[in-house]
Amino acid sequence: MREFVKNLSVCFAAGCLGGLGYALALWALGHYGFTRWAGVDIAPYLSNAYLYQRIVWGGICGLIFLLPWRRSWLARGFFLSLIPAGVLLFLLLPMRGYGPGALALGMLAPLVIVLACVAGGIAGSGLLRAQGK
């Protein structure tokens with residue numbers, strides 16, 4: 001039981017780092033003009049409220065790191081990040097009125113969301129690798 005709680009805590013922490021990575025990647029894509037260039041209406045402001053929400057939800061999403069994985073840590077970060085990206089694109093953002101795939105934000109919105117999620121997934125997986133998990 002103690003080992004499970006330890007793994008749960010480490011995966012939650014990795015997810016928090018992943019959430020921070022996702023938030024900073026999405027902010028950077030907007031701040032440095034990639035989203036404008038791609039015709040996507042996503043350019044979040046970097047604020048405490050913006051970061052807090054993504055870090056907490058990242059921690060919850062980090063629990064997917066509990067799934068057994070035998071491949072490289074980069075592949076783990078990439079492929080497991082597609083799960084929260086899918087939830088965002090096909091559940092949460094459509095519920096907010098942006099349509100399936102958030103295409104109301106622009107035709108390349110799915111690409112922007114996936115890129116940001118992959119950045120977070122690799123950051124979280126990197127932390128797990130540093131912990132020997």
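Of the 21 residues in the largest nonpolar core, Tyr 22, Leu 26, Ile 42 and Ile 113 touch the most other members. A nonpolar core is a set of buried Ala, Val, Leu, Ile, Met, Phe, Trp, Tyr and Cys residues joined through side-chain atoms within 4.5 Å; buried means under 20% relative accessible area, exposed over 50%, and partly exposed in between (1.4 Å probe, protein chains only). At least two residues of this core come from each of helices H1 (2–31), H3 (48–61), H4 (73–95) and H5 (109–130), where helices are DSSP runs (H or I, at least four residues) numbered from the N terminus. The model is predicted: local features need pLDDT of at least 70, side-chain atom pairs count only at pLDDT 80 or more, and totals for chains, interfaces and linings use all residues. Residues are numbered from 1 along each chain as its sequence is written, and side-chain values use heavy atoms, with hydrogens and water left out.

Leaving aside neighbours within four places in sequence, Tyr 22 is in contact (heavy atoms within 4.5 Å) with residues including Arg 54, Leu 88 and Ile 113.

The aromatic rings form four pairs, a pair being rings of Phe, Tyr and Trp (its six-membered ring) with centres within 6.5 Å; planes under 30 degrees apart count as stacked, over 60 as edge-to-face and the rest as tilted. The ring centres of Phe 34 and Trp 37 lie 5.6 Å apart with planes at 40°, so this pair is tilted. Trp 37 is exposed, because its relative accessibility is 68%.
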